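Here's a quick briefing to read with the model open in your viewer.

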Amino acid sequence: IKVGRVTAFRPGSGGDWWVASRENGLHRWRDGQITAITTADGLWSNRSMALMEDREGNVWVGTDGGGFSRLRRKQLTTYSVENGVSHTDVVSIAEDRQGRTWLGTFGGGLCVGEQGQWRPFLAPGVLAPDDTVMALCQSRDGTLWLGRKTGKLCRLRNERWEVESRS
């Protein structure tokens, strides 16, 4: 199996390693064996850009041009603009303490999912609806950090957005 250009990788809770490939989908490495998950298995795009494993062990993969997919107990579910996602290019994914899933997009700003419902997340004065959110991460204290393509570093702390002035 050819993995191709690696765009993201993460350890999984079950001892697996998950690898996103720019041209060959999602891969799981377990006990020296690599298994590919591609459009043939239900991904909308093999151009995988972002990875996250949530607290329930579901693996989320953001794609370039195909929205994102969730792998739950070997079943793949794909979401895109038809489901309320703000853009088809999902380049970063994070989960917060409340169990919300955050999606950073390339040109569609930030999107948030709660209980299976997806919507663009607006933060006037901090984040524009057409912004590019290249990186998302939650810190130990519960702050959600995001890195914008413009070089700005922003954070959501106690449900309030702040722009890091030193960035």
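Is Arg73 buried or exposed? Arg73 counts as exposed, at 74% relative accessibility (buried means under 20% relative accessible area, exposed over 50%, and partly exposed in between, with a 1.4 Å probe and protein chains only).

Before going on, keep in mind that this is a predicted model, so local features need pLDDT of at least 70, side-chain atom pairs count only at pLDDT 80 or more, and totals for chains, interfaces and linings use all residues. Residues are numbered from 1 along each chain as its sequence is written, and side-chain values use heavy atoms, with hydrogens and water left out.

- Arg73 sits in the loop between strand 7 (68-72) and strand 8 (75-79); strands here are DSSP runs (E, at least two residues), numbered from the N terminus.
- The phi of Arg73 is near 45°, a positive value in a residue other than glycine.
- Lys74 belongs to the loop between strand 7 and strand 8 as well, and its phi, near 70°, is also positive in a non-glycine residue.
- Lys74 counts as exposed, with 79% relative accessibility.
- For background, most residues other than glycine have a negative phi.

**Salt bridges**

- You'll find 13 salt bridges in the structure (a side-chain nitrogen of Lys or Arg within 4 Å of a carboxyl oxygen of Asp or Glu).
- One of them joins the side chains of Arg30 and Asp16, at 2.6 Å from N to O. This pair links distant parts of the chain, with Arg30 in strand 3 (residues 25-30) and Asp16 in the loop between strand 1 (6-11) and strand 2 (17-21), 14 residues apart.
- Within that pair, Arg30 is partly exposed at 39% relative accessibility, whereas Asp16 is buried at 7%.
- Arg55 and Glu95 make another salt bridge, and their closest N and O atoms are 3.2 Å apart. That pair also links distant parts of the chain: Arg55 is in the loop between strand 5 (48-53) and strand 6 (59-63), Glu95 is in strand 9 (residues 90-95), and they are 40 residues apart.
- Here Arg55 is exposed, with a relative accessible area of 52%, while Glu95 counts as buried at 18%.
- Glu162 pairs with Arg157 in a salt bridge whose closest N and O atoms are 3.0 Å apart.
- Glu162 is partly exposed at 22% relative accessibility, and Arg157 is partly exposed at 31%.
- Glu162 and Arg157 are part of a salt-bridge network that also takes in Arg155 and Glu164.

**Nonpolar surface and core**

- Val6, Phe9, Trp17, Trp29 and Ile34 make a nonpolar surface patch of about 480 Å². Such a patch takes residues with over 30% relative accessible area and no salt bridge, joining nonpolar side chains (Val, Leu, Ile, Met, Phe, Trp, Tyr) within 5 Å, and accessible areas come from the Shrake-Rupley method with a 1.4 Å probe.
- Phe9, in strand 1, counts as exposed at 53% relative accessibility.
- The largest nonpolar core has 15 residues, and Trp102, Leu110, Leu127, Leu136, Leu146 and Trp161 touch the most other members. Two or more residues each come from strand 11 (110-114), strand 13 (133-138), strand 14 (144-148) and strand 15 (153-157).
- A nonpolar core is a set of buried Ala, Val, Leu, Ile, Met, Phe, Trp, Tyr and Cys residues joined through side-chain atoms within 4.5 Å.
- Leu110 has contacts that include Trp102, Leu127, Leu136, Leu146 and Trp161, leaving aside residues up to four places away in sequence (contact means heavy atoms within 4.5 Å).

**Aromatic pairs**

- A search of the whole structure turns up eight aromatic pairs. Phe9 and Trp17 have ring centres 5.9 Å apart and planes at 45°, so this pair is tilted.
- The rings of Phe, Tyr and Trp (its six-membered ring) pair if their centres lie within 6.5 Å; planes under 30 degrees apart count as stacked, over 60 as edge-to-face and the rest as tilted.
- Trp17 is partly exposed, with a relative accessible area of 32%.
- Trp60 and Trp118 have ring centres 6.0 Å apart and planes at 70°, so the pair is edge-to-face. Trp60 lies in strand 6 and Trp118 in strand 12 (residues 117-121), so the pair ties together parts that are 58 residues apart in sequence.

Definitions and conventions. Helices (H or I, at least four residues) and strands (E, at least two) are DSSP runs, numbered from the N terminus. Patches are made of residues with over 30% relative accessible area and no salt bridge: like charges are joined within 9 Å, nonpolar side chains (Val, Leu, Ile, Met, Phe, Trp, Tyr) within 5 Å.
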